[in-house]
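Here is a short note for a colleague who is new to this structure.

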Amino acid sequence: MSIVTEFVDVSVPVRSAYNQWTQFEEFPRFMEGVTEIRQLDDTHTHWKTEIAGIRREFDAEITEQLPDERVAWHATDGEKQAGVVTFHRIDDTHTRVTVQMDFDPQGLLETAGDKLGMIDRKVKGDLHRFKDFIESRGGIETGAWRGQVDRPGM
């Protein structure tokens, strides 16, 4: 397994950053290689990606969601992947968004890309595009889901 941890500081309140992040179907607007995400229900999404000519589809489950704090997920099929995004209030108008992902690179291309730091750079780029996206909107999110998903076993 490989681990990626990246963060970006955005010039919007924590509520705005969190609300935008809950709009999974908007991810293709700032995540390179994500072509489509469908929200199936409150805790399940279906992803379509194309990275370096490799197309994939997989389902993911949100395993924990605490408004203005964190969203955790894991893939339920396909490649092994899990992660968490956390939202830290810096002050009333600034938020640190941190993504940590655990994944198992598949095949020679992904393994080489991981070892060369390409995955880290992709996640960092996605976070900077998220920053540009939400800041260009003046901190006005495209929607929000304020529900809570409790961690399994709680």
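1. The sheet. Seven strands form an open sheet in the order β1-β7-β6-β5-β4-β3-β2, with antiparallel pairing. β1 and β2 (34–41) are the edge strands; each has a single partner strand, so one side of each is left without a neighbour in the sheet. From one strand to the next, the twist averages 20 degrees. Strands here are DSSP runs of E with at least two residues, and helices are runs of H or I with at least four, both numbered from the N terminus. Two strands count as paired if DSSP finds at least two bridges between them.

2. Basis. This is a predicted model, in which local features need pLDDT of at least 70, side-chain atom pairs count only at pLDDT 80 or more, and totals for chains, interfaces and linings use all residues. Residues are numbered from 1 along each chain as its sequence is written, and side-chain values use heavy atoms, with hydrogens and water left out.

3. Around β7. Strand β7 (residues 94–103) pairs with β1 (residues 2–10) over nine bridges, in the antiparallel sense. Val10 stands opposite Thr95 in β7. β7 also pairs with β6 (residues 81–91), again antiparallel, over ten bridges. Ala82 has Asp102 in β7 as its bridge partner. A hairpin of two residues joins β6 to β7.

4. β2 and β3 run antiparallel and are joined by six bridges. Ile37 has Trp47 in β3 as its bridge partner.

5. Helix α1. α1 lies across β1, β4 (54–66), β5 (70–75), β6 and β7. α1 runs at about 160 degrees to β6. Such angles run from 0 to 180 degrees between N-to-C directions, with axes fitted to C-alpha atoms, for helices over the stretch in contact. Contact means heavy atoms within 4.5 Å.

6. Helix α3. α3 (residues 118–136) has 19 residues. Its first and last C-alpha are 26 Å apart, close to the 27 Å expected at 1.5 Å a residue. The expected span is 1.5 Å times one less than the number of residues. α3 lies across β1, β3 and β7, at about 25 degrees to β1. Just after α3, Gly138 has a positive phi of about 70 degrees.

7. What α3 buries. Which residues of α3 are buried? They are Lys122, Val123, Gly125, Asp126, Leu127, Phe130, Lys131, Phe133 and Ile134. Buried means under 20% relative accessible area, exposed over 50%, and partly exposed in between (1.4 Å probe, protein chains only). The buried residues of α3 pack against β1, α1 (14–21), β3 (44–51) and β7.
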